Amino acid sequence: MNHPSYLGVFLTFARNSLIRDMTFRTNFIIEAISSVSWMIMNLGFYTLVYQFTPSIADWSKYEFFVFIATTMFINSIVQAFFMPNMQELSELVRTGGLDYALLKPIDTQFLVSLQRVNWSSLGNFVVALILLVYAVPRIDGLQLSPWQFVLYPLYVFLGVLILYSVMVGLAATSIWLGRNQSLYDFWFYITNFSRYPMEIYDGTWGTPLRHLFTFVIPILVVINVPARFLAKTLSADQSLLAAFAVVATVLSLLASRWVFKQALWSYRSASS
Amino acid sequence: MLARAETWWTILKISVEERLVYRGDFALGTLMRFLPIVTQIFLWTAVFVAAGSNDIKGYSPTDIIAYYLLTMLARAFSSMPGLASGIARQVRDGEIKKFMIQPIDLVGYLLLARIAHKVVYYLVAAGPFALVYYVCRSYFPGWPDPSVFAVFVCSLLLSFALGFFLEASMGMIAFWFLEVTSLLFVYMLFTFFFSGHMFPLDFLPEPWGTIVDFMPFKYMAYFPAAVFLGKVEGPDMWQGLMVQIGWVAFFIFTCRRMMNAGYRRYSGFGG
C-alpha cells in the first residue's frame, strides 16, 4: 500500500485555506486587525504596569516585551494551524462527520489536526516579529550569541508542540462527552497560566501551582523557556530547564497521541 | 394590559427553563472564570514586591485583589454574552421578521430573556462566587457604610441595564452592515480595557484618565468596585451614579431609535 505524502497533503490544505481566506478578503484583513489590536491593548497594560515598577519577578520591561512577543509567536502559530481544526473536531463528533475522516487512507490525527489553516491569525506573527526587533536591542546588558538565534526558534517550535498536545487532549474529551462547547473557554483559562513568567508563582500556593504546570501539565515551559533564551544572556543554569522542556515535549506528544487513540475507540458515529 | 403581562411572564418562564438545561456546564464555567484572577493575584504580588512599596496610586496589594474580585461581580451584571451577535444573526438570517409581524417588542423580548438568563446565572453562580469570596475574605477592607453599599447595589443593577442597552445598540448596527463580528470584537476589547476589568482605571496616566471619564465603559466594572472599596466617595460617588443613570437613559433611547430606523431599512426576502 502506498503511503500518502503527508507534506503534499498538508500543502494542499494550506493552499485551499489560503484561497478560501482570500475569497473573503475584507474579513481576512479585519480579523488580522482585531487580533493585532488585542495585542496592542496587552502591551498597553504592561507599559502601564512598568510605570510603577522597574521589574516583575526579575523581568525588566523590555525583557518582558520579548516574553510577550514569544507568547504572540506561539499563540499565532497554534491559532493558525490547530485551533480551527480542534474546534471543528467537536462539531465533527457531534454530527458524525468524523466517519469521513476515519475512512480516509491517512492518519486520522493528522487529518483532523491540520485540514484548515487560519491564515489571518498569522498577522500576530508579524507583529511579534516587529516587537522583538524593537525590544531586544533595548534590553540592558544583554549579550547576544549566535546560539540564541538557533535555540529560540527551536524552543518556540517545541512550545507549539506542547500546546498542540494539550489541545488534542482537550479536544479528545469532546469524543467522550459527545459535545464540548466550552473547549475554547477551557483552553483560554488553562493557557492563561502560561502567559506569565513562572517566577511569579511563588509562596504557599504559588510553588505547588508552578510545579503542577511545569511537571504535570507542562504549559509553563511553553513560553518561559524560549523567552528566557532570547531575553537573558545565555547561562548554564538554563540548561536544566531546557533539557526538561525537550523531555516534556516528547512526553506530551506521546500522551496526546495515546489519549486521541483511546478516544477514537469510544467514538460512536452519529446521524448517518 | 393583563394579557400583555401574561405574555411577558411566559417569555420569562421559557427563558429560565431554557437556561437551566445546561446547568452543569454552567456551574463549572463559572468557577473556571475565576482562574484568571489567580494569575492576576500572583502578577500583582510580584509587581508590589519588585516595586518595593505597598501603595500604587492609592491601591494596596489587598485592594487590588479585592478590586479584581469586585469587577468580576460587576461584569457578571454588565456582560451580555451573545446579545449583539444574536441580534446580528437574526438580522442576517431573517429571523428578525417575526418581531416585525408579531405583536412582541424586540428589545422587550430580549431584555426579558436576558433577565431570565441572568437570574438563573446568579442562582447557579451564587455558590462559586460565595466560595471564592469567602476564601478571599481577608483581601476585603470590610463592609462599607449602608448608604455606600446601597449605591454599590444600585450601580450594579444600573451596570446590567447599561450593558444590555449598549450592547443591544451595537447589535442594531447589523441593520446597516450585515457582518459585524469584527466590530463586536473591537467593542469587546474596548469594554475589557476601558471598563476597568483589566486594571483599576485610576492607574491610567493623563490624558487617558480624563478620556475614560467621558466613556460609558467604566460604569460597567470600575465604578461599582471603586464605590465598594471607597475609592470614589462623597459627592464624586453621587455624581458618578447620576452620570451612570444618564448613560443608561441615553442608550435606552439610542437602542430604540436604531431599532426603528433599522426596521424601516430592513427588507426581508423569501419565506
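## Basis of the description

Two residues are taken to be in contact if their C-beta atoms, placed from the backbone, lie within 7 Å. The structure described here is a predicted model.

## Packing of helices H2 and H3 in chain A

With that criterion, the residues that join H2(A) to H3(A) can be named. A:Met39, A:Asn42, A:Leu43 and A:Tyr46 of H2(A) meet A:Phe64, A:Ile68 and A:Met72 of H3(A). Sorted by class, this contact comprises six nonpolar residues, one polar residue and no charged residues.

Two packed helices are described by the angle between their axes and the distance between the axes. For H2(A) and H3(A), the latter spanning residues 61–81, the axes come within 11 Å and cross at roughly 160 degrees. Angles over 145 degrees count as roughly antiparallel, and H2(A) and H3(A) are therefore roughly antiparallel to each other. Their crossing is right-handed.

## Contact between chains A and B

Chain A contributes 26 residues to its contact with chain B, and chain B contributes 22 residues. On the chain A side, the elements that supply two or more residues are helix H2 (25–49), strand E1 (55–56) and helix H9 (183–192). H2(A) gives the most to this side, with ten residues. The class composition of the chain A side is 16 nonpolar, eight polar and two charged residues.

## The largest nonpolar core

The largest nonpolar core has 134 residues, and A:Ala69 and B:Leu162 have the most contacts inside it. H8(A) provides the largest share of this core, 15 residues.

In chain B, the contacts of B:Leu162, leaving aside neighbours within four places in sequence, are B:Ser78, B:Pro216, B:Tyr219, B:Met220, B:Gln244, B:Trp247, B:Val248 and B:Phe251.

A:Ile162 belongs to helix H8 of chain A, which covers residues 146–177. A residue is classed as buried if 20 or more other C-beta atoms lie within 10 Å of its own; A:Ile162 is buried because 28 other C-beta atoms lie within 10 Å.

Not counting residues up to four places away in sequence, A:Ile162 touches A:Pro218, A:Ile219, A:Val222, A:Ala248, A:Thr249 and A:Ser252. A:Leu253 is 91 residues from A:Ile162 along the chain, and the C-alpha atoms of these two residues are separated by 6.9 Å.

Methods
Residues numbered from 1 in each chain as written. Chains lettered and ligands numbered in written order. Predicted model: local features only at pLDDT ≥ 70, side-chain atom pairs only at ≥ 80, totals over all residues. Helix = DSSP H or I, 4+ residues; strand = E, 2+ residues; numbered from the N terminus. Nonpolar A, V, L, I, M, F, W, Y, C, P; charged D, E, K, R; others polar. Buried ≥ 20, exposed ≤ 12 C-beta atoms within 10 Å, placed from the backbone. Core = buried A, V, L, I, M, F, W, Y, C linked by C-beta atoms within 7 Å. Axes fitted to C-alpha atoms, helices over the stretch in contact; angles between N-to-C directions. Parallel < 35°, antiparallel > 145°, perpendicular 65-115°, else oblique. Left-handed = near helix turned anticlockwise from the far one by under 90°.
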